[in-house]
Amino acid sequence: MLINKPKTNPFCCRLTALFNSCLLTCTLAFSPTSHAKQECSIDALEAMENDSGDVRGFSAAVCKQLPHQEQFTMGAYLQWTGGSYAGERRYTLRTVIMDTQTHEVIARHTGSLYERPGLTIVADTPDNKDPNSPAPLWIDTANYKLNSDTRALGVRVQAQQHPEGANEYKSDYLNLFVHQGRFLIPVVERLPLYYWKIWQNEPSGYHVARTPEVIKNETNDKAGLTKRYIVESGKGALHIEPKQYKGFADLKLLTKTKLSGALPKRTDSSQSRTTVTRLRFNGERYYILESGLSDKRDWQHSERWWKP
């Protein structure tokens with residue numbers, strides 16, 4: 001679970017006044033950005049290490065120049081703080097704004113990220129040479145314009161989970177920040193935007209796609225011929241709504257979920273669905289106003305939403 005708590009919170013009253021004074025002029029909708037890695041320069045890494053006050057280095061770090069404010073560069077990093085094995089490790093998750101030329105850190109937010117049994121942060125390691133491997137975090141600079149004067153800045157975190165009943169599970173979590181003085185104020189936390197998981201041993205009339213690897217395994221293990229899979233995948237797109245509350249626009253997350261693989265015979269309507277989640281600003285941050293997802297926040301539940 002992602003836990004983002006401000007290191008200090010001296011601007012609560014000032015933030016409320018700031019947010020209430022803003023007006024929204026248009027309605028915008030944005031899709032998730034690319035998962036491409038965003039490398040940090042040596043100078044940027046050194047600046048963030050000095051700012052962290054910790055000499056243990058980073059488990060992962062990303063940097064990106066802001067497209068609407070090129071004088072600033074946004075950085076984010078994971079720094080290991082405890083725990084030796086996957087599922088028990090703890091990290092500091094820090095997000096910063098740096099001067100693009102001097103790399104001076106001018107604003108920051110410090111949070112914590114904890115693994116738990118079944119939940120693993122996908123962190124880069126020196127042994128990971130695969131150029132196509134997904135980065136565990138990256139900067140999202142889509143135009144999340146919450147009102148006419150305020151554009152939020154995003155950080156995505158990828159995690160893997162193994163919930164009961166599913167073979168694999170991945171998710172991208174979105175955090176949105178507002179830059180205010182020396183602080184990055186978190187206004188959206190732990191919003192899931194993508195996931196996929198594999199269900200095993202489902203009744204079916206045909207086998208999952210028979211790749212060369214699957215055919216080889218079937219040749220060596222005839223029991224594999226009877227194994228069936230259903231793949232469930234979902235992708236979310238965040239939309240800026242015209243309605244405002246306490247100075248910031250309402251948000252709408254549309255999650256489109258599809259099934260593939262060894263599907264039993266069903267009507268097409270049961271093969272996919274679109275779930276709506278609405279978020280509203282309460283003066284300090286966004287909260288889930290209503291959602292079609294049963295747990296309101298995450299895809300950690302293991303219930304099958306399609307009819308058997």
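The following dialogue examines a predicted model and the terms used to describe it.

Modeller: Residues are numbered from 1 along each chain as its sequence is written, and side-chain values use heavy atoms, with hydrogens and water left out. In this predicted model, local features need pLDDT of at least 70 and side-chain atom pairs count only at pLDDT 80 or more, while totals for chains, interfaces and linings use all residues.

Biologist: What is the average pLDDT of the chain?

Modeller: The term pLDDT is the predictor's confidence in each residue, from 0 to 100. The chain averages 76, and 66% of the residues score at least 70. Over residues 1–35 the pLDDT stays under 50, and the model has 94 contacts beyond four places in sequence for them, a contact being heavy atoms within 4.5 Å. Residues 124–129 also have pLDDT below 50, with 6 contacts beyond near neighbours in sequence. Where pLDDT is low, the predicted coordinates should not be read in detail.

Biologist: Why is strand β9 called mostly covered?

Modeller: Buried means under 20% relative accessible area, exposed over 50%, and partly exposed in between, with a 1.4 Å probe and protein chains only. In β9 (residues 150–161), 10 of the 12 residues are buried, so the strand is mostly covered by that definition. Strands (E, at least two residues) and helices (H or I, at least four) are DSSP runs, numbered from the N terminus.

Biologist: How do you know that β8 and β9 pair?

Modeller: Two strands pair if DSSP finds at least two bridges between them. Strand β8 (residues 137–147) is joined to β9 by 7 bridges, in the antiparallel sense, so the two strands pair. Ile139 has Val155 in β9 as its bridge partner, and 2 residues lie between the strands of this hairpin.

Biologist: Which strands pair with β4?

Modeller: Strand β3 (residues 60–65) pairs with β4 over 6 bridges, and β5 (residues 90–99) is joined to β4 by 10; both pairings are antiparallel. Val62 is partnered by Ala76 in β4, and Trp80 by Tyr91 in β5.

Biologist: What makes the buried residues of helix α2 line one face?

Modeller: In α2 (residues 42–52), the buried residues are Ala44, Ala47, Met48 and Ser52. Seen down the helix axis, they fall within an arc of 135°, so they line one face; the arc is that of the directions from the axis to the C-beta atoms. On the other side, Ile42 and Asn50 are exposed. What covers the buried residues includes β3, β4, β5 and β6.
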